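Please look over the sequence and the model first.

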Amino acid sequence: MSTIISLMYHGFYANEEELERMPPADRGYAVPVSAFIKQLDLLQSSVQVISPSQVDTSKPESLPERCVLLTFDDGHASNYHYAFPLLRERGMTGLFFVTADFIENRRDFCTWKQLHEMAEAGMFIQSHGKSHEFFSEHDDEKVLSEFVISKRLIEEKVGKPVRAVSFPGGRYRSENISAGKSIGYRFFY
């Protein structure tokens, strides 16, 4: 049986000025670009980094015994400026979960054009909800809205299907999975 280790990243910074530009709440999740490069090189030399498409289409027995999936939450512009080119240089792909309301509306977050470019280059752009509010704290109607609106926006702007969601804060209720499945989500992180 395969074990898939998912490494989750948020934002990256090349210098202290870039780190200081991030909102204080986001800084604790940010990784120096130099550390990310070392991590990618170590992963590439020691374990198989799989594509999100392998999770989607593979039977568990066809995956390596131990493998790594790279994921990125929120949609910070540093994902486009740093993670995207570094992954491409190494022939790797990533699973980028974006918060629909943040795109083009929050300083230092990706644009739809950037996300479309990433998707065209083989990256996977998926949902991190509409607002980044915790699914566990909302009624069924609000949860369905988070699922539907983020899915529709990402599919419209990026031009690729959305079948995965990463729950903001990892917080959800079991019935949220059923609601997500009912509108076409297949993978829940």
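**Pockets and helix packing**

The largest pocket has a volume of about 380 Å³. The model is predicted: local features need pLDDT of at least 70 and side-chain atom pairs 80 or more, while totals for chains, interfaces and linings use all residues. Residues are numbered from 1 along each chain as its sequence is written, and side-chain values use heavy atoms, without hydrogens or water.

Largest pocket
- On a 1 Å grid over the protein atoms alone, a pocket is an open set of points where a 1.4 Å probe fits, with protein on both sides within 12 Å along at least five of seven lines; lining residues have an atom within 4 Å of a point.
- Its lining has 20 residues, with His10, Tyr29, Asp74, His128 and His132 nearest the centre.
- Helix H2 (24-27) and strand E5 (66-74) are the elements that give two or more residues to this lining.

Second largest pocket
- This pocket has a volume of about 260 Å³, the space filled by probe spheres set on the grid points, which are joined across faces, edges and corners.
- Among its 16 lining residues, Asp56, Phe124, Gln126, Pro161 and Arg163 are closest to the centre.

Helices H5 and H6
- Helix H5 (residues 77-89) and helix H6 (residues 112-120) pack at about 20°, with axes 10 Å apart; axes are lines fitted to C-alpha atoms over the stretch in contact, and angles run from 0 to 180 degrees between N-to-C directions.
- H5 is therefore roughly parallel to H6 (an angle under 35 degrees).
- In H5, Asn79, Tyr80, His81 and Phe84 meet Gln114, Glu117 and Met118 of H6, where contact means heavy atoms within 4.5 Å.

Note on methods. Helices (H or I, at least four residues) and strands (E, at least two) are DSSP runs, numbered from the N terminus. Angles under 35 degrees count as roughly parallel, over 145 as roughly antiparallel, 65 to 115 as roughly perpendicular and the rest as oblique.
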